[in-house]
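Please examine the structure shown here together with its sequence. The report that accompanies it is intended for a reader who is new to protein structure.

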Amino acid sequence: MTAFGYYDKINVIENIHFGYEVYDDRDHTGVETYGFNYGKESEKMNREDIRYRTYVQILKEELVPAMGCTEPIAIAYAAAKAREVLGGMPDQVRIGVSDNIIKNVKSVVVPNTNGMRGIESAAAAGIVGGDPDKQLEVIAEVTEDEKAALKEFLTRVPVKVESIDNGIIFDIIVTLYKENDSSVVRISQYHTNIVYIEKNGEILLDMTGEAQKSTCEDLTGAEKGLSDKSLLNIRDILEFADTCDVMDVKSLLDRQIQYNSLIAEDGLLGDYGANIGSTYLKFYGYNVRNRAIAKAAAGSDARMSGCELPVIINSGSGNQGITVSVPVMEYAKELAVSKDKLYRALIVSNLIAVHEKTGIGRLSAYCGAVSAGCAAGCGIAYLQGGDYRAIAHTLVNSLAIVSGIICDGAKSSCAAKIASSVEAGILGFHMYQNGQQFRGGEGIVTRGVEETIRNVGQLGREGMRQTDKEIVKIMLNESSQTEVE
């Protein structure tokens, strides 16, 4: 049964109960929780405002479907496109990838390959069974015959993989040969950004100059062909979430609810990876906090182990898409808030996650689950009436707790990092409710949420560059053992 055959039989949205929006301006400890002032109408951000248009477009660009870990899927996409350009099956394959791609592809299962891992498997899946028109769902509909042909292809066709360093963190170059014919496809900066296509020495597309120009990767987060994320800030994100017409993004959020709920539930029911989600529930119980943490982790359990279900991503990552949404949805059910309130809370969590990642970059030694888990804490705070002050403190508190987590590639332990990050996001909000905070001058925390976000961006982008190189060096030199002795 294919992922979409399974998906089509289930409507997760029908299984989610939404009641009326209810909350108390005081929690049960008696500490005041800075709820919204409903007696005062918020200033509405209208559709003509450049921030409004940009925020809607950012959500459209970022909340897209993908099946499988997005780095191997990007390789599969480039390979499928190269095969299309070549016009047939190759007899030789050469793949050049930047170190961050090696890191994120090495250990993760590629979906629809019968459990295969690695760069060669991802490329072969794209060549043998990929549909380049589907982009990040490129190998969603690989047939059983094509799965069987993958191993035969890899035994028959030489595939050479090499590390490349063109000064671009995200860089994939796939070259295919068939007798006297050849094709080249290059993806740079982000997962679907094809910047170069060549056939038999004739250049069909060349945007590499623009890609190299953007590779300076300043803190504005400018990416060729995507919206200007420098317009994001916490105060404006909340204003947008409070006052936007939800219909402008409803279809995106409905799909996020549906896809990401399904893979989280599948992760709890199945036997995937280290089963962090089900382990968490077994030992810590079933209250809403633990369910929110466990379900987010379970979605990653499934995804990192090759589950053939699609997810809605955030910041180019399926794990981050799951982490930023599933905990918020779980709290929405527990609190019986309106569906409108859930939509607005998801707007908050999604845009804050993108805002955090803008300064860090799409790939880094800084774990992306941290950004998403802390943003989920902000969405949960919003569900409970949190205003700007509450959400700013939630974010700073949670970032102070887990910003030291490294990214050492996509694999089963990502689920545990997600659990820790969502836990930190929730704790950050509970600290605020309890009148506690981490203060400016303590470590990387600076007075003001935007300044702290900038510090985290500097840490992830600049401070951890050498860390990233060392992680890749360790991964490439490690033994083939699969268990800790």
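## The model

The structure is a predicted model. Its residues are numbered from 1 along each chain, as the sequence is written.

## The sheet and its strands

Strands of a sheet pair through backbone hydrogen bonds, either parallel or antiparallel. In this model, 6 strands form an open sheet in the order 3-2-4-5-6-7, and the pairing is mixed. Strand 3 (159-163) and strand 7 (202-206) stand at the edges; each has a single partner strand, so one side of each is left without a neighbour in the sheet. From one strand to the next, the twist averages 10°.

The pairing of strand 6 (residues 194-199) with strand 7 is antiparallel and extends over 4 bridges. Here Ile197 stands opposite Leu205, which belongs to strand 7.

## Helices packed on the sheet

Helix 3 (residues 70-86) packs on the sheet and touches strand 2 (92-97), strand 4 (171-178), strand 5 (181-188), strand 6 and strand 7. The direction of helix 3 makes about 35° with that of strand 4.

Helix 5 (residues 119-129) lies across strand 2, strand 3 and strand 4. Relative to strand 2, helix 5 runs at about 125°.

## An enclosed helix

The buried residues are Ile234, Asp236, Ile237, Leu238, Glu239, Phe240, Ala241 and Thr243. They pack against helix 2 (50-62), helix 13 (339-360), helix 14 (368-383), helix 15 (388-402) and helix 17 (449-463).

At the start of helix 8, there is a contact between a side chain and the backbone: a side-chain oxygen of Asn233 reaches to within 3.3 Å of the backbone nitrogen of Arg235.

## The nonpolar cores

The largest nonpolar core has 140 residues, of which Ile172 and Phe240 touch the most other members. Phe240 is one of the buried residues of helix 8. Leaving aside residues up to four places away in sequence, Ile172 touches Ala74, Ile75, Ala78, Gly96, Val97, Ile101, Val185, Arg186 and Ile187. A second, separate core consists of 5 residues, among them Cys69, Val108, Ala410 and Cys414.

## Two residues with positive phi

Most residues other than glycine have a negative phi, and most peptide bonds are trans. Asn275 has a positive phi, near 50°. This residue lies in the loop between helix 9 (250-269) and helix 10 (276-284). Because its relative accessibility is 16%, Asn275 counts as buried, the cut-off being under 20%.

Ala336 also has a positive phi, with a value near 55°, and lies in the loop between helix 12 (318-335) and helix 13. The relative accessibility of Ala336 is 22%, so this residue counts as partly exposed.

A disulfide is a covalent bond between the sulfur atoms of two cysteines. How many disulfides does the structure hold? The number is 0. Cys407 is accordingly in no disulfide, and the nearest cysteine sulfur, that of Cys367, is 6.1 Å away.

Are Cys307 and Cys407 buried or exposed? Cys307 has 6% relative accessibility and therefore counts as buried. Cys407, at 14% relative accessibility, likewise counts as buried.

Definitions and conventions:
Predicted model: local features only at pLDDT ≥ 70, side-chain atom pairs only at ≥ 80, totals over all residues. Heavy atoms only, no water. Buried < 20%, exposed > 50% of the residue type's maximum accessible area, 1.4 Å probe, protein only. Contact = heavy atoms within 4.5 Å. Polar contact = N/O pair within 3.5 Å; in protein donor to acceptor, adjacent residues only side chain to side chain. Pairing = 2+ DSSP bridges. Axes fitted to C-alpha atoms, helices over the stretch in contact; angles between N-to-C directions. Disulfide = S-S within 2.5 Å. Core = buried A, V, L, I, M, F, W, Y, C linked by side-chain atoms within 4.5 Å.
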